[in-house]
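Student: I would like a close look at one part of this structure. Please take me through it step by step.

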Amino acid sequence: MRDLGPSYMPQRTLRFKIRQDGRVEETVEGLVGEACIDLTEKLEDALGTVERREPTSDTFLREKVQNQTIPAEIH
Amino acid sequence: MSHFSTVKTQLRKKEFLKQALIDLGYVPNERENLVRGYRGQTVKAEMTVEMSKGADIGFRWNPGSKSYELVTDLDLWKQTIPVERFLAQVTQRYALNTVLDSTAQEGFQVSEQKNNLDGSIELVVTRWDP
């Protein structure tokens with residue numbers, strides 16, 4: 001397979017905020033489906049108990065876009 | 001799906017706990033050792049730090065919580081910061097080292113790391129996927 005170079009590869013970004021009390025806030029961007037969970041499970045195992053897990057705003061954005069395009073296709 | 005997680009950090013891995021103590025300028029002793037307290041009383045701990053003044057500090061493995069817990073004689077605490085602050089500093093360094101190591105193993109590279117005014121550390125790591 002031809003190597004299309006970095007500009008054709010999706011970039012995965014993980015953002016962490018490690019608070020003063022040691023709590024870690026993690027935001028995962030650009031991961032689709034199960035890969036998202038697999039990738040961070042290992043990390044969370046070494047760190048400790050996950051207190052909260054919620055979808056980020058871009059997930060909501062994607063859902064919103066879908067809601068708008070589906071009726072457009074029907075008409 | 002992208003997601004957002006909050007993790008309450010527990011000290012689970014000995015090597016990252018050791019590194020956290022070294023980062024903060026302490027000299028950890030990894031052999032099972034005795035933590036000295038009031039009137040020469042001692043308790044056993046898997047990791048110890050001999051302090052120049054006051055009681056020693058130790059970290060003891062708790063099989064129930066599967067993590068290391070701080071053990072010291074609080075009556076003899078003579079450090080410049082309270083014990084809660086000391087433990088928070090160790091935990092923050094531990095979390096940073098764990099995140100750096102785990103993400104590097106998964107092929108991520110650090111693209112940004114900064115210390116905020118509120119004492120938190122921000123870290124951004126990225127990876128290009130084929």
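Student: Which residues have the most contacts inside the largest nonpolar core?

Tutor: First, some ground rules. This is a predicted model, where local features need pLDDT of at least 70 and side-chain atom pairs count only at pLDDT 80 or more, while totals for chains, interfaces and linings use all residues. Residues are numbered from 1 along each chain as its sequence is written, chains are lettered from A and ligands numbered from 1 in the order in which they are written, and side-chain values use heavy atoms, with hydrogens and water left out.

Now the core. A nonpolar core is a set of buried Ala, Val, Leu, Ile, Met, Phe, Trp, Tyr and Cys residues joined through side-chain atoms within 4.5 Å. Buried means under 20% relative accessible area, exposed over 50%, and partly exposed in between (1.4 Å probe, protein chains only). The largest core has 16 residues. Those with the most contacts inside it are B:Leu17, B:Leu21, B:Ile57, B:Phe59, B:Phe86 and B:Val90. Two or more residues come from each of helix H1 (14-23), strand S5 (47-49), strand S6 (57-62) and helix H2 (83-105) of chain B. Helices (H or I, at least four residues) and strands (E, at least two) are DSSP runs, numbered from the N terminus.

Take B:Phe86. Leaving out residues up to four places away in sequence, B:Phe86 touches B:Leu21, B:Tyr26, B:Ile57, B:Phe59, B:Leu70, B:Trp77 and B:Ile81. Contact here means heavy atoms within 4.5 Å.

Next, H1(B). Its buried residues include B:Phe16, B:Leu17, B:Ala20 and B:Leu21. These four lie on the same side of H1(B), because they cover an arc of only 140 degrees around the axis. That arc is taken from the directions from the helix axis to the C-beta atoms. In general, an α-helix has 3.6 residues a turn, so residues three or four places apart point the same way. The cover over the buried residues of H1(B) includes strand S2 (28-29), S5, S6, strand S7 (67-72) and H2 of chain B.

B:Asp23 also lies in helix H1 of chain B. B:Asp23 counts as partly exposed, at 33% relative accessibility. Residues up to four places away aside, B:Asp23 touches B:Arg93 and B:Asn97. The side chains of B:Asp23 and B:Asn97 are joined by a polar contact of 3.2 Å. A polar contact is a pair of N or O atoms within 3.5 Å; within protein, one must be able to donate a hydrogen and the other to accept it, and residues adjacent in sequence count only if both atoms are side-chain atoms. After H1(B) comes B:Gly25, with a positive phi near 90 degrees.
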